[in-house]
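Hello,

Here is the structure for you to look over. My notes follow below it.

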There are 2 protein chains.
Amino acid sequence: MDSEIITVGDELVTGHTLDTNSALIARRLTDIGFTVRYKTSVGDSLADMEEAFRLALRRTRVVIVTGGLGPTDDDITKKAIVRVFKRNLIFHEEVLEDIRARYANRGLEMPAISQNQALLPQGARIFPNKLGSAVGICIAEEGRVFVALPGVPAEAEQILDDEVVPYLRGLRSGQVLKVVKLRTTGIVETKLSAMIALGLKMEGGVKLAYLPSYSGVDLRIIAADDGDEEADRKAQALIRHLEATCGRYIYGRDNDTLESVTGQLLRDNDKTLAVAESCTGGELGMRITSVPGSSAYFLGGVVAYSNDIKTQQLRVDPQLIEEHGAVSEECADAMVTGCRSLFQSDYALSVTGIAGPDGGSDDKPVGTTYIGLASAHATYARVFTFGSHREVNRTRAVYAAIELLRREILDIK
Amino acid sequence: MDSEIITVGDELVTGHTLDTNSALIARRLTDIGFTVRYKTSVGDSLADMEEAFRLALRRTRVVIVTGGLGPTDDDITKKAIVRVFKRNLIFHEEVLEDIRARYANRGLEMPAISQNQALLPQGARIFPNKLGSAVGICIAEEGRVFVALPGVPAEAEQILDDEVVPYLRGLRSGQVLKVVKLRTTGIVETKLSAMIALGLKMEGGVKLAYLPSYSGVDLRIIAADDGDEEADRKAQALIRHLEATCGRYIYGRDNDTLESVTGQLLRDNDKTLAVAESCTGGELGMRITSVPGSSAYFLGGVVAYSNDIKTQQLRVDPQLIEEHGAVSEECADAMVTGCRSLFQSDYALSVTGIAGPDGGSDDKPVGTTYIGLASAHATYARVFTFGSHREVNRTRAVYAAIELLRREILDIK
């Protein structure tokens with residue numbers, strides 16, 4: 001069944017608030033087998049909202065709206081609903097009682113304006129809100145379902161999960177969707193697609209999408225079928241093909257991140273890690289410690305931004321820097337050796353590169369980055385050539401470093 | 001002039017990728033005086049895209065699309081453009097040469113599939129892409145402007161700022177808009193607005209907006225008038241009021257960042273900086289070094305994630321940690337003292353806190369963070385209480401630390 005999500009509010013169309021509600025609703029709808037065909041954001045204009053609601057009801061069967069259900073003057077979603085469905089607002093004593101009780105529980109008196117929250121479209125199904133005063137509204141008419149939820153993300157999520165999803169499941173007929181995301185890194189989209197194309201047979205109802213980001217390319221598999229088992233079988237068949245053709249680049253699934261997966265490997269092997277960073281300025285440490293509990297394996301790092309610090313703290317020979325430059329395989333190697341010895345860690349990583357915009361040469365253009373790795377068994381450095389964008393180069397260097405470690409631990413050549 | 005933003009991709013309508021492009025574009029359009037009436041996301045379906053493009057061209061004058069410009073089969077934005085505008089795709093040799101050169105610079109051969117990137121709608125204006133292979137496309141027809149940009153955020157942003165915004169500015173007729181953004185930090189929105197309200201008189205055509213983020217609250221001033229001079233006068237009058245009521249929280253304007261402004265202060269005073277980080281894991285160093293040229297004043301840092309490293313490298317007395325804990329004023333003080341002495345820097349900053357989700361106590365709940373500062377004149381630490389969200393706590397700690405330094409240098413109490 002196809003659907004459209006509409007989010008309401010001036011703060012969304014001016015770009016000052018990031019719309020996270022529509023992504024959440026889309027995931028829930030996709031999970032239960034609905035297709036989201038459009039997502040629309042519209043400002044606090046009655047005419048624009050009315051047009052958006054009518055259009056959505058014309059082109060899809062399920063419409064979910066968030067925002068504009070508050071008690072103040074700029075909350076006009078209910079006004080637009082009344083116009084589109086030609087229904088009156090009816091006062092609901094039991095809804096007002098709930099709101100009054102909520103205030104009383106907090107030792108507060110209910111503001112008079114809250115009475116607006118008990119005015120709801122005639123004949124609407126009401127979805128209770130456990131966290132706030134704006135209840136969810138559901139109108140089913142002429143084969144169409146229209147749901148309005150409050151804009152506060154936690155309230156929208158609660159009503160969605162407790163009320164809307166069970167309600168919509170009941171309506172669903174037809175297909176089950178199986179969605180799996182395989183996460184790859186260290187390979188560009190074009191090469192990945194060429195590898196996967198070899199011997200690829202796509203069954204009916206199966207889709208494969210490439211989703212690139214700076215940390216790698218995700219492969220999203222969607223398999224649709226009437227039965228749960230058959231949808232699962234189709235998804236697994238494609239996953240097997242992907243693992244056979246490009247398995248060495250796949251580091252995880254769904255909510256895994258490169259830093260969480262690599263952190264788990266360190267934890268499982270009871271190993272520790274330290275880092276020495278130059279051009280990334282701390283971003284490598286930041287990414288690694290973005291994983292809660294990373295203190296179990298991450299000891300710390302040195303941000304050796306100046307050459308003096310490389311020399312003094314990481315014991316890089318000044319003559320080596322003189323001879324080969326601070327951005328060199330030799331320096332990355334010396335930095336990582338010094339780092340492992342300073343922190344007494346099992347593994348160490350180092351990064352030194354030219355992030356840009358300045359500092360490049362013909363020999364070593366902006367984007368040239370050396371990443372070093374040291375372990376009990378080996379010490380080596382690899383060169384990478386990224387692009388011209390400072391922030392992007394730094395982020396790519398961070399992920400390339402973590403991937404180098406993941407491969408070292410798993411012994412992937 | 002009114003506008004609509006359309007973002008394209010299955011990953012957006014399934015909610016698996018958060019749409020940040022449309023918020024960025026909306027801010028840029030709002031800044032130059034355009035009104036965004038709708039934002040729409042649509043999946044990789046040719047029919048749905050075509051319908052969305054046609055509708056947007058009917059209801060607004062400027063349409064900006066991102067996504068679906070890549071070389072693979074699921075990138076079909078150009079196909080939809082060809083249908084809507086009834087134009088052929090023309091091969092552009094110079095675009096292909098650019099792409100080939102980009103690969104050559106990285107020592108790679110261009111994949112054959114990249115040829116698709118040089119096929120562009122007849123008569124379209126081409127906006128160069130400095131970071132990738134998908135150029136921007138602009139078609140002006142019957143009083144409507146249609147722009148298509150790549151979906152990769154950094155690429156979309158570069159083309160938007162370098163090409164699209166200047167182009168759209170040129171189209172605007174009528175009123176002159178003066179837009180200035182004053183950037184504040186260290187004060188919450190509600191307090192800021194109460195301070196500003198005192199004695200505030202708003203002239204006609206002047207708007208003031210509060211734009212909060214984790215680094216602070218921006219004040220956006222828009223002054224509209226028929227003449228350039230008069231618009232400027234109105235904007236300046238409001239700016240004077242803002243500087244008089246809350247000037248001590250204003251650190252910069254427009255594209256200034258807290259890290260660039262503070263870096264400039266260090267540079268102007270010929271001073272150096274080093275950092276010692278615990279809970280932020282490297283993010284403080286990363287932010288400081290996000291400014292090109294920061295090597296002029298930033299020496300480096302220690303990420304002392306484990307207590308052993310705090311003791312060994314920063315010379316924090318183990319007994320002090322035993323007695324007061326690693327998250328304490330005493331420890332922040334000792335860390336920053338050790339850091340300044342280790343790096344021989346003019347200034348040093350330290351951060352130690354409980355980022356969460358675990359590790360909090362009744363005494364020191366999650367979000368409790370101590371920030372230390374050391375200079376030739378003084379050494380002290382301040383406590384901050386942030387919230388419960390790990391990433392947000394870390395980012396807020398980073399900006400609080402940089403702001404502490406800015407105030408120290410400028411002697412703002």
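**Contact between the chains**

Strand β2 (residues 35–42) of chain A pairs with β2(B) through five bridges, and the two run antiparallel. A:Thr40 has B:Thr40 as its bridge partner in β2(B). Strands pair here if DSSP finds at least two bridges between them. Elements are DSSP runs numbered from the N terminus: helices are H or I with at least four residues, strands are E with at least two.

Before going on, note that this is a predicted model: local features need pLDDT of at least 70, side-chain atom pairs count only at pLDDT 80 or more, and totals for chains, interfaces and linings use all residues. Residues are numbered from 1 along each chain as its sequence is written, with chains lettered from A and ligands numbered from 1 in the order in which they are written.

The contact takes 65 residues from chain B and 63 residues from chain A. Residues are in contact if their C-beta atoms, placed from the backbone, lie within 7 Å. On chain B, the elements that give two or more residues to the side touching chain A include α2 (21–31), β2 (35–42), α3 (46–59) and α14 (390–410). That side divides into 30 nonpolar, 21 polar and 14 charged residues. Nonpolar means Ala, Val, Leu, Ile, Met, Phe, Trp, Tyr, Cys and Pro; charged means Asp, Glu, Lys and Arg; the others, Gly among them, are polar.

**Helix α3 of chain B**

α3(B) has 14 residues. Its first and last C-alpha atoms are 20 Å apart, close to the 20 Å expected at 1.5 Å a residue (1.5 Å times one less than the number of residues). Its buried residues are B:Met49, B:Ala52, B:Phe53, B:Ala56 and B:Leu57. Buried means 20 or more other C-beta atoms within 10 Å of the residue's own, exposed 12 or fewer, and partly exposed in between, with C-beta atoms placed from the backbone. Down the axis of α3(B), the buried residues fall within an arc of 125 degrees, so they line one face of the helix. That arc is taken over the directions from the helix axis to the C-beta atoms. The face turned away from the buried side carries the exposed residues B:Ala47 and B:Arg58. The cover over the buried residues of α3(B) includes β2 of chain A, along with β1 (2–8) and β8 (144–149) of chain B.

**Cores**

The largest nonpolar core has 104 residues. Such a core is a set of buried Ala, Val, Leu, Ile, Met, Phe, Trp, Tyr and Cys residues joined through C-beta atoms within 7 Å. A:Cys339, A:Ala401, B:Cys339 and B:Ala401 touch the most other members. Not counting residues up to four places away in sequence, B:Ala401 touches B:Leu284, B:Leu349, B:Val351 and B:Ile371.

**Strands**

In chain A, ten of the ten residues of strand β11 (residues 216–225) are buried. Strand β9 (residues 176–184) of chain A joins β11(A) by nine antiparallel bridges, with A:Val180 opposite A:Ile221. β10(A) and β11(A) form a hairpin with two residues between them.

In chain B, β7(B) and β8(B) pair antiparallel over five bridges. B:Ile139 stands opposite B:Phe146 in β8(B). Two residues lie between the strands of this hairpin, where B:Glu142 takes a positive phi near 50 degrees.

Best wishes

How values were computed: Contact = placed C-beta atoms within 7 Å.
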